[in-house]
Amino acid sequence: MKRLICLGGSITAADRLFCSDSLGEGYVSMLPPLLPDFQILNKGIDGFTIARILHNVDRDCINLHPDFVTIQVGINNIGLIMNTDRTPPQQTEMMAAYVKEYTELLSKITAHTNAGIVLVEPFIFPHPEEFINWIPHVKTLSGHIKELADIFGCEFLPMHNLLNQEARRLGYDAVTTDGIHLTHHGHRLLAQKLSKQLSIMLADKITRPDKFS
């Protein structure tokens with residue numbers, strides 16, 4: 001069995017503290033039947049930003065000796081940019097700080113584990129309309145995360161466009177509960193995409209163990 005640790009905020013946590021199996025009620029809880037060769041640990045915590053995941057990375061990840069790690073974070077950081085009346089220069093400084101923290105996070109995980117890492121793209125929906133102004137910042141952060149994936153040899157899982165396309169097809173209420181969090185259907189889409197990526201990585205790890213050493 002390969003150990004998978006899922007890091008993130010409330011989208012990942014999905015009320016895991018109130019579930020007997022601690023997997024929550026979101027995409028992480030849907031992974032076991034899709035990934036039967038994995039032991040899955042949900043370490044998502046409501047409200048967590050990149051800095052909070054970094055602060056707790058030893059306890060929640062490194063000390064647990066993962067074979068694979070997923071990170072789904074960023075929207076709480078964008079919320080701080082948008083909800084604190086910052087000037088554009090201050091917003092730019094905050095974005096730079098997020099990238100620095102994300103870089104430190106990946107540096108620690110890659111230095112202390114041989115885990116395969118998936119960076120899940122943050123996403124937002126223009127429903128309600130107030131989130132339209134968040135989209136440019138989400139795309140900027142996503143671009144930085146994709147660059148970090150290349151630098152650290154991680155996999156980048158694009159989700160923003162896919163989820164929004166599905167929301168436009170079915171109606172936003174079918175995919176998101178509030179413009180940030182996901183419905184059961186939204187979580188299912190994320191779980192399916194993530195499990196496919198992890199299955200590919202597992203096969204690669206079996207056939208090319210040197211890639212992860």
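How do the residues lining the second largest pocket divide into nonpolar, polar and charged? The close-ups below, taken from a predicted model, start with that pocket.

**Figure 1. Lining of the second largest pocket.** The answer to the opening question is three nonpolar, five polar and three charged residues. The space in this pocket comes to about 200 Å³.

**Figure 2. The largest cavity and its lining.** Searching the whole structure turns up one cavity of 30 Å³ or more. The volume of the largest cavity is about 40 Å³. Look for Leu 7, Gly 8, Lys 43, Phe 48, Ile 53, Asn 56, Val 57 and Asp 60 around the largest cavity. Two or more lining residues come from each of the elements β1 (2–8) and α3 (57–60). Sorted by class, the lining of the largest cavity holds four nonpolar, two polar and two charged residues.

**Figure 3. Helices α4 and α6 where they cross.** Here the axes of α4 (residues 75–82) and α6 (residues 135–152) come within 10 Å, crossing at roughly 135°. Because of this angle, α4 is oblique to α6. The crossing of the two helices is right-handed.

**Figure 4. Residues in the contact of α4 with α6.** On the α4 side, the contact is made by Ile 75, Ile 78, Ile 81 and Met 82. Helix α6 contributes His 137, Val 138 and Leu 141. By class, six of the contact residues are nonpolar, one is polar and none is charged.

Key
Residues are numbered from 1 along each chain as its sequence is written. This is a predicted model: local features need pLDDT of at least 70, side-chain atom pairs count only at pLDDT 80 or more; totals for chains, interfaces and linings use all residues. Side-chain values use heavy atoms; hydrogens and water are left out. On a 1 Å grid over the protein atoms alone, a cavity is a set of points where a 1.4 Å probe fits but cannot get out, and a pocket is an open set with protein on both sides within 12 Å along at least five of seven lines; lining residues have an atom within 4 Å of a point. Grid points are joined across faces, edges and corners, and a volume is the space filled by probe spheres set on the points. Ala, Val, Leu, Ile, Met, Phe, Trp, Tyr, Cys and Pro count as nonpolar, Asp, Glu, Lys and Arg as charged, and the others, Gly among them, as polar. Helices (H or I, at least four residues) and strands (E, at least two) are DSSP runs, numbered from the N terminus. Axes are lines fitted to C-alpha atoms, for helices over the stretch in contact, and angles run from 0 to 180 degrees between N-to-C directions. Angles under 35 degrees count as roughly parallel, over 145 as roughly antiparallel, 65 to 115 as roughly perpendicular and the rest as oblique. A crossing is left-handed if the near helix is turned anticlockwise from the far one by less than a right angle, and right-handed if clockwise. Contact means heavy atoms within 4.5 Å.
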